[in-house]
Amino acid sequence: PRDIYTDSTSIFFSEDTNKIRRVDSNGLISTYAGTGTAGNTDGWCSQAQFNLPKGMYGDSSWLWIADWGNSNIRKISFSSQSVVTVAGINSGGYSTEGFQATQSALQNPMDIYVSGNGLWIADTTNFRIAIVNLTTGILTRYAGTLSSGYSVNVEATSAQFGEIYSIYGSQ
């Protein structure tokens, strides 16, 4: 497994088989989402396609997924059992910030975290931490210069990082 998320009844984990798997309270393992074929298809969990899903974060309504191979962020609705893309354009790269997240390029996002109204993204090979305002859908750069490096004691948007693999915060 690449990442694990647990709630009160299940354990979810991402695999390099392009699937999100679930272990239920009886210990039974099943495919929760993804066909196993690499792709970028939204829709019902049983028909959705992922490409090397990595980091996950969940809350009572959604399971958020960093879809590394598609350079997208996806979310699964627990109630409707459907997958939707919330950030990225299915092509790695960099886009100027300040636009809708679904019209902004990411580059191999490895992890995500949701806090309040923000979706935080470890935009791994763009060497930045991006944030999506979940009310407006606008993606901005929180930290990083888009160039690999190392810096200390500078403003967040002037900081240089190597590849960012994980992101976590506290509620």
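**Figure 1. The hairpin of strands E7 and E8 in the predicted model.** Serine 71 adopts a positive phi near 55° in the hairpin of E7 and E8, where four residues lie between the strands. The coordinates shown here and in the following views belong to a predicted model. Strand E7 (residues 62–67) and E8 run antiparallel to one another and are paired over six bridges. Within this pairing, alanine 66 has isoleucine 73 of E8 as its bridge partner.

Figure 2. On its other pairing, E8 meets strand E9 (residues 82–87) in the antiparallel sense, over five bridges.

**Figure 3. Burial of strand E8.** Strand E8 (residues 72–77) is mostly covered, with six of its six residues buried. For the chain as a whole, buried residues account for 44% of the 171 residues.

**Figure 4. Strand E6 and its pairing with strand E7.** Six of the six residues of E6 are buried, and this strand is therefore largely enclosed by the rest of the structure. A hairpin of three residues connects E6 to E7. The two strands, E6 and E7, run antiparallel and are joined by four bridges. Tyrosine 57 has tryptophan 64 in E7 as its bridge partner.

**Figure 5. The largest pocket and its lining.** The largest pocket holds about 150 Å³ of space. Its lining comprises 11 residues, and those nearest the centre of the pocket are Met56, Tyr57, Tyr113, Ile167 and Tyr168. Strand E6 (53–58) and strand E11 (111–115) each contribute at least two residues to this lining. E11 gives the most, with three residues. By residue class, the lining of the largest pocket consists of six nonpolar, three polar and two charged residues.

**Figure 6. The open sheet of strands E1 to E4.** Four strands form an open sheet in the order E1-E2-E3-E4, with antiparallel pairing. From one strand to the next, the twist averages 30°. Strand E2 (residues 11–14) and strand E3 (residues 20–23) are paired in the antiparallel sense over four bridges. Phenylalanine 13 has arginine 21 as its bridge partner in E3.

Figure 7. The secondary structure of the chain comprises zero helices and 14 strands. Its radius of gyration is 16 Å, close to the 16 Å that the globule rule gives for 171 residues, so the chain is as compact as a globular protein of that length. The C-alpha trace spans about 50 × 30 × 30 Å along its principal axes.

Note on methods: Residues are numbered from 1 along each chain as its sequence is written. This is a predicted model: local features need pLDDT of at least 70, side-chain atom pairs count only at pLDDT 80 or more; totals for chains, interfaces and linings use all residues. Side-chain values use heavy atoms; hydrogens and water are left out. On a 1 Å grid over the protein atoms alone, a cavity is a set of points where a 1.4 Å probe fits but cannot get out, and a pocket is an open set with protein on both sides within 12 Å along at least five of seven lines; lining residues have an atom within 4 Å of a point. Grid points are joined across faces, edges and corners, and a volume is the space filled by probe spheres set on the points. Ala, Val, Leu, Ile, Met, Phe, Trp, Tyr, Cys and Pro count as nonpolar, Asp, Glu, Lys and Arg as charged, and the others, Gly among them, as polar. Two strands pair if DSSP finds at least two bridges between them. Axes are lines fitted to C-alpha atoms, for helices over the stretch in contact, and angles run from 0 to 180 degrees between N-to-C directions. The radius of gyration is taken over C-alpha atoms; the globule rule is 2.2 Å times the number of residues to the power 0.38. Buried means under 20% relative accessible area, exposed over 50%, partly exposed in between (1.4 Å probe, protein chains only).
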